[in-house]
Amino acid sequence: MTRPSFGDHVKIRITEATEAAGIAGLEGSVSGFTTPSVTNVEVIGKTQDDYALSVMIEARNDDTFWLAEELVEFLDHAPNTEIWVTGASFKEVRNADGSWRQVPLPRRRRWWQFW
């Protein structure tokens, strides 16, 4: 079993807690993790290892929910996901195996630069 991590594509398991939250069976992407006993976030489900995942659910207008790891099912590593920082010379692109690769970004010229 693969432990979901940042950027992974996941499905919310169907339980009483996820049905009550209106997210049972929906898919989303992992946007982070936390230790609930330290951050005091409200977590759906009971965390066994004091570990919760933040999942952004597109079908819910990109709302983010903190979930016990047991309520999140790994689907895939969301290959071809891209992340970058404005002004950087490269972007990171996700591979199917979960690793990231750097891809150079084209150099942008300002509107007044013509040489």
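Glycine 98 sits in the loop that links strand 7, residues 90-94, to strand 8, residues 100-104. The model in which this position is seen is a predicted one. Although glycine 98 is placed in a loop, glycine 98 counts as buried, because its relative accessibility is 16% and the cut-off for burial is under 20%.

The overall dimensions can be taken next. Along the principal axes, the C-alpha atoms occupy a box of roughly 60 × 30 × 30 Å, and the radius of gyration is 18 Å, whereas a compact globule of 115 residues would have a value near 13 Å. Of the contacts with a sequence separation of 6 or more, 41% are between residues 24 or more positions apart. Buried residues, among them glycine 98, make up 30% of the 115 residues.

The surface and the charges complete the picture. The protein has an accessible surface of about 8000 Å², and carbon and sulfur atoms contribute 51% of that area. As for charged side chains, 12 are positive and 17 are negative, with a distance of 13 Å between the centres of the two sets.

Key: Residues are numbered from 1 along each chain as its sequence is written. This is a predicted model: local features need pLDDT of at least 70, side-chain atom pairs count only at pLDDT 80 or more; totals for chains, interfaces and linings use all residues. Side-chain values use heavy atoms; hydrogens and water are left out. Helices (H or I, at least four residues) and strands (E, at least two) are DSSP runs, numbered from the N terminus. Buried means under 20% relative accessible area, exposed over 50%, partly exposed in between (1.4 Å probe, protein chains only). The radius of gyration is taken over C-alpha atoms; the globule rule is 2.2 Å times the number of residues to the power 0.38. Contact means heavy atoms within 4.5 Å. Accessible areas come from the Shrake-Rupley method with a 1.4 Å probe; for residues, only the protein chains shown count as cover. Lys and Arg count as positive and Asp and Glu as negative; His and the chain ends are not counted. The place of a charge is taken as NZ of Lys, CZ of Arg, CG of Asp or CD of Glu.
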